[in-house]
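Here is a short report on one protein model.

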Amino acid sequence: MAIFSYKTQNKSEPKGKPRVLFTCHPQDFELYFEKITEDILKTHDCAIYYTPDMSEIIEEKNIDTDLGQMNLFVVPVTSSLLTTPNRAIDSDIAYAKEMHIPILPFMMEPNLDEIYSQPEKFDNLQYLNHFANDPTEIPYEEKLRKHLDTVLISDEVAN
(Lines give C-alpha, C1' and ligand atoms only; values in the text may rest on other atoms or scores of the structure.)
Protein backbone atom coordinates (compact mmCIF):
# COMPACT_ATOMS: atom_id res chain seq x y z
CA MET A 1 0.00 0.00 0.00
CA ALA A 2 1.36 3.41 -0.98
CA ILE A 3 1.91 5.90 1.82
CA PHE A 4 1.52 9.53 0.78
CA SER A 5 3.28 12.54 2.26
CA TYR A 6 2.63 16.15 1.38
CA LYS A 7 4.46 19.44 1.16
CA THR A 8 2.83 22.87 1.58
CA GLN A 9 3.87 26.47 2.09
CA ASN A 10 5.14 26.95 5.65
CA LYS A 11 4.22 23.34 6.51
CA SER A 12 0.55 24.32 6.75
CA GLU A 13 -2.32 21.83 6.71
CA PRO A 14 -3.39 20.64 3.23
CA LYS A 15 -7.14 20.87 3.89
CA GLY A 16 -8.95 23.07 1.37
CA LYS A 17 -5.89 23.55 -0.84
CA PRO A 18 -5.63 22.46 -4.47
CA ARG A 19 -4.00 19.02 -4.68
CA VAL A 20 -0.97 18.30 -6.83
CA LEU A 21 0.64 14.90 -7.27
CA PHE A 22 4.39 14.83 -7.80
CA THR A 23 5.43 11.62 -9.53
CA CYS A 24 8.67 10.57 -11.19
CA HIS A 25 11.05 7.74 -11.95
CA PRO A 26 12.42 6.49 -8.59
CA GLN A 27 15.99 7.55 -9.35
CA ASP A 28 14.84 11.10 -10.25
CA PHE A 29 13.16 11.89 -6.93
CA GLU A 30 16.27 13.13 -5.10
CA LEU A 31 17.36 15.13 -8.14
CA TYR A 32 14.16 17.05 -8.89
CA PHE A 33 11.61 16.93 -6.06
CA GLU A 34 12.84 19.95 -4.07
CA LYS A 35 13.40 22.18 -7.10
CA ILE A 36 10.03 21.54 -8.75
CA THR A 37 8.01 21.71 -5.54
CA GLU A 38 9.76 24.93 -4.48
CA ASP A 39 8.99 26.51 -7.86
CA ILE A 40 5.31 25.59 -7.53
CA LEU A 41 4.97 26.69 -3.90
CA LYS A 42 6.59 30.08 -4.63
CA THR A 43 3.46 31.17 -6.46
CA HIS A 44 0.64 28.85 -5.38
CA ASP A 45 -0.67 27.80 -1.99
CA CYS A 46 -1.37 24.15 -2.70
CA ALA A 47 -0.64 20.73 -1.25
CA ILE A 48 1.87 18.65 -3.18
CA TYR A 49 1.42 14.95 -2.50
CA TYR A 50 4.04 12.30 -3.19
CA THR A 51 5.23 8.90 -2.09
CA PRO A 52 8.72 9.15 -0.57
CA ASP A 53 9.45 5.82 -2.26
CA MET A 54 8.52 6.31 -5.92
CA SER A 55 8.75 2.58 -6.56
CA GLU A 56 5.82 1.92 -4.19
CA ILE A 57 2.82 0.52 -6.04
CA ILE A 58 -0.56 2.20 -5.67
CA GLU A 59 -3.03 -0.64 -5.41
CA GLU A 60 -5.75 -0.73 -8.07
CA LYS A 61 -8.48 -0.69 -5.40
CA ASN A 62 -7.05 2.57 -3.94
CA ILE A 63 -6.16 4.39 -7.14
CA ASP A 64 -9.37 6.42 -7.41
CA THR A 65 -9.10 7.49 -3.77
CA ASP A 66 -5.37 8.21 -3.88
CA LEU A 67 -5.07 9.78 -7.34
CA GLY A 68 -8.60 10.70 -8.38
CA GLN A 69 -8.75 13.68 -6.02
CA MET A 70 -5.74 15.41 -7.56
CA ASN A 71 -6.12 18.67 -9.51
CA LEU A 72 -2.79 18.29 -11.30
CA PHE A 73 0.00 15.78 -11.83
CA VAL A 74 3.56 17.12 -12.18
CA VAL A 75 6.42 14.99 -13.45
CA PRO A 76 10.09 15.62 -14.27
CA VAL A 77 10.76 14.13 -17.69
CA THR A 78 14.03 12.26 -17.99
CA SER A 79 15.42 9.50 -20.15
CA SER A 80 14.89 7.09 -17.23
CA LEU A 81 11.22 8.01 -17.01
CA LEU A 82 10.71 7.50 -20.73
CA THR A 83 12.79 4.38 -21.31
CA THR A 84 12.51 2.12 -18.25
CA PRO A 85 9.43 0.61 -16.61
CA ASN A 86 8.27 2.72 -13.65
CA ARG A 87 5.10 3.59 -11.77
CA ALA A 88 5.10 7.24 -12.81
CA ILE A 89 4.72 6.69 -16.56
CA ASP A 90 3.13 3.23 -16.52
CA SER A 91 0.48 3.89 -13.88
CA ASP A 92 0.25 7.46 -12.53
CA ILE A 93 0.44 9.37 -15.81
CA ALA A 94 -1.65 6.74 -17.59
CA TYR A 95 -4.35 7.21 -14.91
CA ALA A 96 -4.25 11.01 -15.22
CA LYS A 97 -4.64 10.76 -19.00
CA GLU A 98 -7.53 8.33 -18.68
CA MET A 99 -9.31 10.49 -16.09
CA HIS A 100 -8.53 13.77 -17.91
CA ILE A 101 -6.59 15.18 -14.96
CA PRO A 102 -4.17 17.90 -16.10
CA ILE A 103 -0.52 16.89 -16.35
CA LEU A 104 2.41 19.30 -16.23
CA PRO A 105 5.65 17.72 -17.45
CA PHE A 106 8.96 19.45 -16.66
CA MET A 107 11.58 18.63 -19.29
CA MET A 108 14.78 18.00 -17.35
CA GLU A 109 17.07 16.66 -20.07
CA PRO A 110 17.68 17.70 -23.68
CA ASN A 111 16.94 15.69 -26.82
CA LEU A 112 14.00 13.66 -25.52
CA ASP A 113 11.31 15.05 -27.81
CA GLU A 114 11.10 12.02 -30.09
CA ILE A 115 10.52 9.56 -27.25
CA TYR A 116 8.43 12.07 -25.25
CA SER A 117 5.95 12.59 -28.08
CA GLN A 118 5.12 8.92 -28.56
CA PRO A 119 1.36 8.35 -28.04
CA GLU A 120 1.92 5.94 -25.15
CA LYS A 121 4.14 8.51 -23.40
CA PHE A 122 3.02 12.17 -23.54
CA ASP A 123 1.91 12.46 -27.18
CA ASN A 124 1.43 16.17 -28.00
CA LEU A 125 1.23 17.43 -24.38
CA GLN A 126 3.16 20.66 -23.88
CA TYR A 127 5.95 20.68 -21.32
CA LEU A 128 7.86 23.31 -19.39
CA ASN A 129 11.54 23.57 -20.14
CA HIS A 130 13.40 25.20 -17.27
CA PHE A 131 16.58 25.18 -19.30
CA ALA A 132 15.33 26.93 -22.45
CA ASN A 133 17.99 29.26 -23.89
CA ASP A 134 15.82 31.38 -26.19
CA PRO A 135 15.87 34.97 -24.87
CA THR A 136 12.68 35.79 -26.82
CA GLU A 137 10.74 33.02 -25.09
CA ILE A 138 8.40 33.75 -22.16
CA PRO A 139 10.39 33.06 -18.97
CA TYR A 140 9.94 29.70 -17.27
CA GLU A 141 8.60 31.23 -14.03
CA GLU A 142 5.89 33.15 -15.90
CA LYS A 143 4.83 30.09 -17.90
CA LEU A 144 4.65 28.05 -14.72
CA ARG A 145 2.57 30.64 -12.86
CA LYS A 146 0.14 31.07 -15.77
CA HIS A 147 -0.31 27.34 -16.18
CA LEU A 148 -0.91 26.81 -12.48
CA ASP A 149 -3.40 29.71 -12.43
CA THR A 150 -5.53 27.81 -14.93
CA VAL A 151 -5.62 24.44 -13.16
CA LEU A 152 -5.28 25.02 -9.43
CA ILE A 153 -8.40 26.15 -7.66
CA SER A 154 -9.19 25.71 -3.98
CA ASP A 155 -11.95 23.46 -2.67
CA GLU A 156 -13.83 26.60 -1.63
CA VAL A 157 -13.80 28.06 -5.14
CA ALA A 158 -14.66 24.69 -6.67
CA ASN A 159 -17.72 24.39 -4.43
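## Sheet, helices and rings

Tyr140 is buried, with a relative accessible area of 8%. Buried means under 20% relative accessible area, exposed over 50%, and partly exposed in between, with a 1.4 Å probe and protein chains only. The model is predicted: local features need pLDDT of at least 70, side-chain atom pairs count only at pLDDT 80 or more, and totals for chains, interfaces and linings use all residues. Residues are numbered from 1 along each chain as its sequence is written, and side-chain values use heavy atoms, with hydrogens and water left out.

**Aromatic pairs.** The structure holds nine aromatic pairs. Rings of Phe, Tyr and Trp (its six-membered ring) pair if their centres lie within 6.5 Å; planes under 30 degrees apart count as stacked, over 60 as edge-to-face and the rest as tilted. Two of the pairs are set out here.

| Pair | Centre to centre | Angle between planes | Class |
|---|---|---|---|
| Phe33 and Tyr50 | 4.4 Å | 50° | tilted |
| Phe106 and Tyr140 | 6.4 Å | 65° | edge-to-face |

Phe33 lies in helix H1 (residues 29–43) and Tyr50 in strand E3, so this pair ties together parts 17 residues apart in sequence. Phe33 has 5% relative accessibility and counts as buried. Tyr50 is buried too, at 14%. Both rings belong to one aromatic cluster, formed by Phe22, Phe29, Phe33 and Tyr50.

The other pair joins strand E5, which holds Phe106, to helix H6, which holds Tyr140, so it ties together parts 34 residues apart in sequence. Phe106 is buried at a relative accessible area of 1%.

**The sheet.** Helices (H or I, at least four residues) and strands (E, at least two) are DSSP runs, numbered from the N terminus. Two strands pair if DSSP finds at least two bridges between them. Six strands form an open sheet with mixed pairing, in the order E1-E3-E2-E4-E5-E6. Strand E1 (5–7) and strand E6 (128–129) are the edge strands, each pairing on one side only. E1 runs antiparallel to strand E3 (residues 47–50), joined by three bridges. Tyr6 stands opposite Tyr49 in E3.

**Strand E5.** What covers the two faces of E5? Ile103, Pro105 and Met107 are buried on one side, and Leu104 and Phe106 are buried on the other. In a regular strand the side chains alternate between the two faces of the sheet. Five of the five residues of E5 are buried, so the strand is largely enclosed by the rest of the structure. E4 and E5 run parallel, joined by five bridges. Here Val77 stands opposite Met107. E5 and E6 also run parallel, with two bridges, and Met107 stands opposite Asn129 in E6.

Helix H6 (residues 140–151) lies across strand E4 (72–77), strand E5 (103–107) and E6, and runs at about 165° to E5. Such axes are lines fitted to C-alpha atoms, for helices over the stretch in contact, and angles run from 0 to 180 degrees between N-to-C directions. Contact means heavy atoms within 4.5 Å.

Helix H4 (residues 87–99) has a kink of about 30°, centred on Ile93. The bend at a residue is the angle between axes fitted to the seven residues ending there and the seven starting there. Ile93 is buried in H4, as are Arg87, Ala88, Ile89, Asp92, Tyr95 and Ala96. The buried residues of H4 pack against strand E2 (19–22), helix H2 (63–67), E4, helix H3 (79–83) and E5. Just after H4, His100 takes a positive phi of about 60°.
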